[in-house]
Amino acid sequence: MNKLGVHALVWVGGWSHEECEIAISKSAKLGYDYIEIPALDPSSVDTKYTLKQLEKYKIGATVSLGLPIHSDISSEDPNIVSKGEAMLNEALQLSSEIGATHMCGILYSGFTKYMKPKTEKGMQNAAEVLYRIGEKAKEHNIQIGLEVVNRYETNLLNTGSEGVAMLNRIGSSNVNVHLDSYHMHIEESGLGNAIRDCGPNLGYFHVGESHRGYLGSGNIDFKEVFRALAEIKYSGPITFESFSSAVVSPELSNILGIWRNLWEDSEDLARHAKAFMEVNIKSANETFRDKEDK
Ligand code: MN
């Protein structure tokens with residue numbers, strides 16, 4: 001029921017033509033339905049070439065990014081906010097050109113460790129921009145996901161319920177919450193509770209371990225995660241996200257603090273993750289079928 005995807009950083013650190021074909025062909029070979037392509041620098045993605053590879057290997061795509069601090073739409077400075085809106089529009093254009101179904105990530109603030117709290121005015125600025133982006137994305141059949149991340153990567157949305165409150169403020173039916181088990185493990189009072197807090201507002205999901213390595217080798221209770229996803233009948237995309245210093249993106253790896261080598265064999269990692277997600281989805285669905293029968 002859920003489409004399964006893999007983050008491009010499992011394969012490659014950049015998006016040259018060669019890296020693009022490697023990442024797309026390897027994701028397709030393992031049977032993933034789509035690849036999530038980071039667009040922190042939208043100008044680095046050759047959309048025509050990317051679309052050609054997606055069509056050649058017959059898989060879909062989603063796009064993710066976080067805003068740089070000089071383009072932070074949750075700023076109180078209107079010039080910075082308009083730079084951020086321009087960047088989101090550029091990323092939306094890129095998403096549309098490669099036929100992406102979703103654009104997600106830290107679209108609502110800078111992707112950085114803030115040294116001060118969010119402000120009411122900044123939240124309102126972000127909400128107004130995201131309403132326009134959400135409505136524009138609807139015309140391209142692209143859903144927008146606001147990724148709730150930990151306190152070291154944003155000051156705006158750290159929990160699922162903050163995400164839902166933000167959606168209410170934005171007021172576009174095309175903007176959803178995007179949760180990530182790695183971030184939830186740091187910030188939420190319960191993994192299942194966070195998913196239930198979002199319920200039908202959940203539109204995108206990242207599966208990541210507590211140390212960002214092999215699924216099942218860290219501290220996250222994935223049984224609880226997948227049971228809660230089954231309980232709310234989540235039918236959206238699920239992307240495996242993992243990072244190791246074996247594959248380096250200077251932009252992304254440095255902000256995320258990827259200093260350790262948690263794996264070297266991308267293919268073994270991605271094959272294992274797909275099997276892990278499939279087994280957990282199946283087990284969770286069986287749990288709920290059992291409950292519904294009684
Ligand atoms: Mn994530």
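F222 and F276 are both buried, where buried means under 20% relative accessible area, exposed means over 50% and partly exposed lies in between, with a 1.4 Å probe and protein chains only. This is a predicted model, in which local features need pLDDT of at least 70 and side-chain atom pairs count only at pLDDT 80 or more, while totals for chains, interfaces and linings use all residues. Residues are numbered from 1 along each chain as its sequence is written, and side-chain values use heavy atoms, with hydrogens and water left out.

The structure holds two aromatic pairs. Rings of Phe, Tyr and Trp (its six-membered ring) pair if their centres lie within 6.5 Å; planes under 30 degrees apart count as stacked, over 60 as edge-to-face and the rest as tilted. F222 and F226 make a tilted pair, at 6.3 Å centre to centre with 45° between the planes. Both residues belong to helix α8 (residues 222-231), four residues apart, about one turn of the helix. Helices (H or I, at least four residues) and strands (E, at least two) are DSSP runs numbered from the N terminus. F222 has a relative accessible area of 4% and is buried; F226, at 3%, counts as buried. F222 also pairs with F276, edge-to-face, at 5.4 Å centre to centre and 80° between the planes. This pair links distant parts of the chain, F222 in helix α8 and F276 in helix α10 (residues 266-293), 54 residues apart. F222, F226 and F276 form one aromatic cluster.

The next site is the metal. The manganese ion is coordinated by E147 (OE), D180 (OD), H206 (ND1) and E241 (OE), at 2.0 to 2.2 Å. Donors are N, O and S atoms within 2.8 Å of the metal (3.2 Å for Na, K and Ca); water is not among the atoms, so sites may look incomplete. Along the chain, the donors follow the spacing E-x32-D-x25-H-x34-E. Among them, E147 in strand β5 (residues 143-147) and H206 in strand β7 (residues 202-207) link distant parts of the chain, 59 residues apart. E147 is buried at 7% relative accessible area, and H206 is buried at 0%.

Last come the cysteines. With a disulfide taken as a pair of cysteine sulfur atoms within 2.5 Å, the count is zero. C20 is in no disulfide, and the nearest cysteine sulfur, that of C104, is 18 Å away. C20 is buried, with a relative accessible area of 1%. C104 is in no disulfide either; the nearest cysteine sulfur to C104, that of C198, is 14 Å away.
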